[in-house]
Amino acid sequence: MREYLLVLFVAMATTFLLTGVARQIAMRYGAVAKVRARDVHKVPIPYFGGLSILGGLIAGYAVASNLPFLGNSLQVAHDARAILVGGVVICAVGVVDDLYELDAITKLAGEVLAVGVLVVQGIQLYWLPLPGGVISPSPAQLAVLTAGILLVSCNAVNFVDGLDGLAAGVTAIGATAFFIYSYLLNVHENLDRATTSTLITVALAGACLGFLPHNFFPARVFMGDSGALLIGLMLAASTISLTGQMDPNAVPYEVGGSSLLPALLPLVLPIAILAIPALDLTLAYIRRTKAGRSPFAADKQHLHHRLMQRGHSHRRAVLLMYLWTALIAYGVVVLGLVLYWWTALIVFAVAVTAVLLTTGLPGRRRKPLAKV
């Protein structure tokens, strides 16, 4: 655990220090988020926060590779390096988009390239946990499924990146939730505690936490597509890599028994972590296609926009999204690993609190944000 904490702090400190440099580079080359009708910020904000997040991830990996525990696993070294190579590719696509505003098809092609880099290097699903046991479809089917999950994750996080600090905070919460799950599972089942999923998620959490002081409202720098696509890819890839390093028979499958939910967590938890971004992505697709518009056409009706329409301030809307993400992600972990009446009661109490805070009006209702 001490080595994981060291990686966390190294990634956090590196990202914090590099963000100021990335901001200056963005201003020098004109990578600035201009104020548009659908945006919430009132002044132009520099991009390129994704470069500092990538720097934090690389620094975390470099330190881990030289530690006596994490640096001893060839499998972790290979998989983590493969994931970071894909991260470099998708971050580069995001940088180009931040500079020149690529069209949707070109950007999607870049995302597919980054995903392909991961799959070719063996970062993909190897089995699927289901109530009846483990199934192992053909490698081609699993590769296609993996690519779909990675692409959805990238774009889901990109969609939710609409308020200062939102995407970084949501990702940090999701990454720590999966880190806790994978670490505790390895401890409980007496498995190797050095895994790619734990390494990448702890480094990702650290990088996002290091970026937040610069990005929380009022933001001085945005992560841009270079950051949103990157952290979406890292989050999904780290969870997917777990199936390549964990024995699918390590956790017993007993339908109707207490061990069923822990067995399903490798499949359920990634969905839970991305529940809020994925819901936002799904609603946006339905909303836009129903109106006869392109699903890639931007608007101002995302979940965070709707919270502000209800009268929540910028900060409060972001904190509410944090609360819902933590409730879903940590709730699944707690109920899956520590299922008792009192843990269920705590999760239920937090859920009721989240509903009351979300639906209650903190003050005078704000004027609805204009649709575009």
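Select Asp 97 and Lys 107 and show their side chains: they meet in a salt bridge, with N to O at 3.7 Å. A salt bridge here is a side-chain nitrogen of Lys or Arg within 4 Å of a carboxyl oxygen of Asp or Glu. Asp 97 belongs to helix α3 and Lys 107 to helix α4, so the pair ties together parts that are 10 residues apart in sequence. The model is a predicted one, in which local features need pLDDT of at least 70 and side-chain atom pairs count only at pLDDT 80 or more, while totals for chains, interfaces and linings use all residues. Residues are numbered from 1 along each chain as its sequence is written, and side-chain values use heavy atoms, leaving out hydrogens and water.

Asp 225 is buried, at a relative accessible area of 11%, and Lys 107 counts as buried at 17%. Buried means under 20% relative accessible area, exposed over 50%, and partly exposed in between, with a 1.4 Å probe and protein chains only. Through shared partners, the salt bridges join Asp 97, Lys 107 and Asp 225 into one network. The structure holds two salt bridges.

Helix α3 covers residues 74-100 and helix α4 residues 104-120; they pack at an angle of about 170°, with axes 8 Å apart. That makes α3 roughly antiparallel to α4, a term for angles over 145 degrees. The axes are lines fitted to C-alpha atoms over the stretch in contact, and angles run from 0 to 180 degrees between N-to-C directions.

Now show the side chains between these two helices. Among the residues that meet there are Ile 83, Val 89 and Val 93 in α3, and Leu 113, Val 117 and Leu 118 in α4. Contact means heavy atoms within 4.5 Å. By class, the contact of α3 with α4 has 10 nonpolar, two polar and three charged residues.

Finally, show the whole protein. It has 14 helices and four strands, which are DSSP runs numbered from the N terminus: helices are H or I of at least four residues, strands E of at least two. Of its 372 residues, 51% count as buried.

Key: Parallel < 35°, antiparallel > 145°, perpendicular 65-115°, else oblique. Nonpolar A, V, L, I, M, F, W, Y, C, P; charged D, E, K, R; others polar.
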